[in-house]
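Subject: Structure handover

Hello,

Here is the structure I said I would pass on. My notes on it follow below.

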Amino acid sequence: MSAQEIAVELKSVRKKFDGEHEVLKGIDLEIPKGKITVIIGFSGAGKSVMFKHILGLMRPDSGSIKVFGQDLSELNDVALNNMRKKFGMLFQSAALFDDMTTIENVCFPIAEFKRHLKPSEIQDIAAEKLKMVGLGSEHFNKYPAALSGGMKKRVGLARAIALDPDILLYDEPTTGLDPIITEIVDNLIMDTHKLRAGLTSIIISHDLPAAFRLADEIAMLDAGLIKLFGEPKVFLESSDPFIQKFVSKVKVNNV
Ligand SMILES: Nc1ncnc2c1ncn2[C@@H]1O[C@H](COP(=O)(O)OP(=O)(O)OP(=O)(O)O)[C@@H](O)[C@H]1O
Ligand SMILES: [Mg+2]
């Protein structure tokens with residue numbers, strides 16, 4: 001891949017906690033621009049830790065992380081904050097502010113980062129994003145407690161796309177949701193990805209059938225290293241017993 005085609009690049013990234021437990025043991029990964037990359041791996045493999053490194057929320061012990069060619073270690077706090085504007089994030093829990101309504105939740109990052117806008121302009125952008133993810137105005141003034149799980153995800157997603165990010169990160173977007181809402185959220189991820197040409201989507205997922213359905217590329221994290229990276233068919237055709245065991249579930253489901 002040429003440098004222009006890479007959204008995020010990790011090179012020999014190592015991270016140890018408490019001076020002994022090494023979680024990332026030399027991660028090498030090039031996440032392509034404009035595609036959907038799904039990160040899979042067993043619980044505790046270090047997927048969320050890797051995400052935090054991509055966002056610059058954690059610093060590696062050694063190695064480098066580049067976002068659109070910019071080495072994060074060279075950025076000061078202000079520049080790093082600017083860099084984060086390129087990212088939209090959807091957390092597992094949706095992480096909405098409970099004391100804010102639907103529309104206030106989406107207005108929040110816009111007001112924070114686009115201080116020159118008038119309140120009415122901020123509201124208009126927020127309303128547009130909520131409509132994009134399929135939430136009607138009858139829900140705009142409800143508090144999160146009054147929303148279903150799937151609706152909360154939609155609000156979280158509207159907030160994630162509020163600043164028109166270049167990279168969307170999803171950490172376990174469907175874990176804990178029922179199969180119907182899971183499918184709705186998966187479709188929403190796909191639709192959101194197509195909204196803007198060139199958008200890079202990176203998804204951590206436990207849901208293998210969905211991972212294989214959504215992904216252009218899959219990266220498998222195991223024991224602190226990228227065990228395999230490639231298109232879904234690379235995984236399905238792998239003769240490695242470990243990979244075969246992991247994807248057998250997908251094959252059974254006929255995806
Ligand atoms: N801030 C931290 N301090 C110490 N250890 C941490 C910290 N964050 C994560 N870890 C450890 O790093 C390891 C990987 O955690 P991580 O949350 O990245 O796993 P994961 O692959 O996202 O798992 P899951 O699929 O369950 O979300 C775990 O053993 C965890 O205890
Ligand atoms: Mg995690």
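Thr37 has Ile202 in strand 8 as its bridge partner. Helices (H or I, at least four residues) and strands (E, at least two) are DSSP runs, numbered from the N terminus. Four bridges connect strand 3 with strand 8 (residues 200–204), and the two run parallel. Two strands are taken as paired if DSSP finds at least two bridges between them.

Please note that this is a predicted model: local features need pLDDT of at least 70, side-chain atom pairs count only at pLDDT 80 or more, and totals for chains, interfaces and linings use all residues. Residues are numbered from 1 along each chain as its sequence is written, while chains are lettered from A and ligands numbered from 1 in the order in which they are written.

Strand 3 (residues 36–40) is largely enclosed by the rest of the structure, because five of its five residues are buried. Buried here means that 20 or more other C-beta atoms lie within 10 Å of the residue's own; exposed means 12 or fewer, and partly exposed is in between, with C-beta atoms placed from the backbone. Ile36, Val38 and Ile40 cover one side of the strand and Thr37 and Ile39 the other.

Val38 turns up again in the largest nonpolar core, which has 61 residues; Val38, Ala158, Ile203 and Ala211 have the most contacts inside it. A nonpolar core is a set of buried Ala, Val, Leu, Ile, Met, Phe, Trp, Tyr and Cys residues joined through C-beta atoms within 7 Å. Leaving out residues up to four places away in sequence, Ala158 touches Val106, Lys129, Leu130, Met132, Val133 and Leu135. Contact means C-beta atoms, placed from the backbone, within 7 Å.

There is also an open antiparallel sheet of four strands, in the order 2-1-4-5. Strand 1 (residues 6–17) and strand 4 (residues 62–67) are antiparallel and joined by five bridges, with Lys11 opposite Ser64 in strand 4.

Ligand 1 has Phe17, Val23, Gly41, Ser43, Gly44, Ala45, Gly46, Lys47, Ser48 and Val49 around it, where a residue counts as near if its C-beta atom, placed from the backbone, lies within 6 Å. Helix 1 (residues 47–54) gives the largest share of this shell, three residues.

Two residues other than glycine have a positive phi. Phe68, in the loop between strand 4 and strand 5, has phi near 45°; it has 16 C-beta neighbours inside 10 Å and therefore counts as partly exposed. Glu172 has phi of about 50° and lies in the loop between strand 7 (167–171) and helix 6 (179–195). Glu172 is also partly exposed, because 18 C-beta neighbours fall inside 10 Å.

Overall, the protein has nine helices and ten strands. Its radius of gyration, taken over C-alpha atoms, is 18 Å, close to the 18 Å that the globule rule (2.2 Å times the number of residues to the power 0.38) gives for 255 residues, so the protein is as compact as a globular protein of that length. Of the 255 residues, 35% count as buried.

Regards

Methods:
Two residues are in contact if their C-beta atoms, placed from the backbone, lie within 7 Å.
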